[in-house]
Amino acid sequence: MALTVSQVARLAKVSVRALHHYDEIGLLSPSERSEAGYRLYTQVDLQRLQQVLFFRELGFPLEEIRRILGDPSFDLRSALLMQRQLLSERSARLDALLGAVDSALDALEKGKTMDQEKMFEAFGDFDPTKYEAEVKERWGDTEAYKESARRTARYTKQDWQDMKAEQDRIGKAMAELLGAGRAPTEPAAMDLAEEARQHISKWFYPCSYAMHRALGEMYVSDPRFTENIDRARPGLAKFTRDAILANAERHGE
């Protein structure tokens with residue numbers, strides 16, 4: 001049964017104004033209209049709204065959400081898996097920070113001095129500027145670099161840590177598949193390759209399948225990339241490249 005704007009607003013706990021705005025910008029347009037011309041939302045529309053709200057909760061801008069949902073290659077299951085992983089990582093991050101706060105409170109109440117390393121271990125040590133000069137030299141004139149620079153200029157230390165945690169999780173899962181003797185053409189490997197592509201699109205720039213294929217080739221053609229990736233497990237760079245190519249082919253690219 002189709003729902004009116006006010007019914008959807010109450011159900012999803014969003015404002016009618018927000019729903020009208022989503023319609024105006026082409027993010028979520030109701031599929032049906034009543035005889036009187038009122039907007040009516042179907043189950044499919046509600047499913048799309050749920051995706052909008054999931055992405056919003058994860059900090060995605062509306063324009064980026066519209067681009068993601070409008071991509072012909074968008075897959076609901078892959079999106080839900082990615083969202084679940086991002087929320088899981090956020091939960092783990094908050095748990096670590098909560099533990100750090102509890103430790104600080106405990107030390108304060110007992111009049112103890114905390115170990116200096118433990119005081120800051122919850123904040124991580126990722127340095128986003130490590131390769132900045134080389135990246136600018138190699139890709140500074142590209143639109144992808146400009147978009148990446150625009151986004152990352154707003155990132156906080158927490159943002160960088162969250163990005164690195166997500167990246168490490170995907171890389172670890174890919175290494176585990178390789179270690180288990182799985183093939184890069186299996187669905188599990190291709191799903192991880194898709195998560196890696198969406199990771200790039202989320203954090204840096206819109207990453208098409210063609211661009212992702214190019215990145216995959218760079219993983220095996222540039223010895224520095226190969227060495228860095230293969231530290232997790234020998235052969236991982238090639239395995240990842242092959243999974244990227246298989247995923248792109250799976251989506252008709």
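Contact, in this report, means heavy atoms within 4.5 Å.

## Basis of the model

The structure is a predicted model, in which local features need pLDDT of at least 70 and side-chain atom pairs count only at pLDDT 80 or more, while totals for chains, interfaces and linings use all residues. Residues are numbered from 1 along each chain as its sequence is written, and side-chain values use heavy atoms, with hydrogens and water left out.

## Overall composition

The chain has 13 helices and three strands. Helices (H or I, at least four residues) and strands (E, at least two) are DSSP runs, numbered from the N terminus. Of the 253 residues, 38% count as buried, where buried means under 20% relative accessible area, exposed over 50% and partly exposed in between, with a 1.4 Å probe and protein chains only. Among contacts between residues at least 6 apart in sequence, 64% join residues at least 24 apart.

## Helix 3 and its surroundings

Helix 3 covers residues 43-57. The buried residues in helix 3 are Asp45, Leu46, Leu49, Gln51, Val52 and Phe55. Their cover includes strand 1 (3-4), helix 1, helix 2 (16-24), strand 3 (39-41), helix 4 (62-70) and helix 5 (76-110). Gln51, located in helix 3, counts as buried at 2% relative accessibility. Apart from neighbours within four places in sequence, Gln51 is in contact with Leu69, Phe74, Leu76, Ala79, Leu80 and Gln83. After helix 3 comes Gly59, with a positive phi near 90 degrees.

The axes of helix 1 (residues 5-12) and helix 3 come within 12 Å and cross at roughly 45 degrees. Helix 1 is therefore oblique to helix 3. Axes are lines fitted to C-alpha atoms, for helices over the stretch in contact, and angles run from 0 to 180 degrees between N-to-C directions. Angles under 35 degrees count as roughly parallel, over 145 as roughly antiparallel, 65 to 115 as roughly perpendicular and the rest as oblique. The crossing of helix 1 with helix 3 is right-handed; a crossing is left-handed if the near helix is turned anticlockwise from the far one by less than a right angle, and right-handed if clockwise. Val8, Leu11 and Ala12 of helix 1 make the contact with Leu46, Leu49 and Leu53 of helix 3. These residues divide into six nonpolar, no polar and no charged. Ala, Val, Leu, Ile, Met, Phe, Trp, Tyr, Cys and Pro count as nonpolar, Asp, Glu, Lys and Arg as charged, and the others, Gly among them, as polar.

## Helices 9 and 10

Helix 9 (residues 157-179) and helix 10 (residues 187-203) have axes that come within 10 Å and cross at roughly 165 degrees. Helix 9 is therefore roughly antiparallel to helix 10, and their crossing is left-handed. The contact includes Met163, Ile170 and Met174 of helix 9 and Ala189, Leu192 and Ala193 of helix 10. In total, the residues of this contact divide into eleven nonpolar, two polar and six charged.

Ala193 lies in helix 10 and is buried, with a relative accessible area of 1%. Not counting residues up to four places away in sequence, Ala193 touches Met174, His212, Ala243, Ile244 and Asn247. The C-alpha atoms of Ala193 and Ala246 are separated by 8.7 Å, although the two residues are 53 residues apart along the chain.

## Helices 11 and 13

The axes of helix 11 (residues 209-221) and helix 13 (residues 236-250) come within 8 Å and cross at roughly 160 degrees. Helix 11 is therefore roughly antiparallel to helix 13, in a left-handed crossing. Among the residues that meet are Tyr209, His212 and Gly216 in helix 11 and Thr240, Ile244 and Asn247 in helix 13. The residues of this contact divide into seven nonpolar, four polar and four charged.

Helix 13 has 15 residues and reaches 21 Å from its first C-alpha to its last, close to the 21 Å expected at 1.5 Å a residue. Eleven of those 15 residues are buried, so helix 13 is largely enclosed by the rest of the structure. The buried set includes Phe239, Arg241, Asp242 and Ala246. The buried residues of helix 13 pack against helix 9, helix 10, helix 11 and helix 12 (223-230). Gly252 follows helix 13, and its phi is positive, near 75 degrees.

Key:
Expected span 1.5 Å × (residues − 1).
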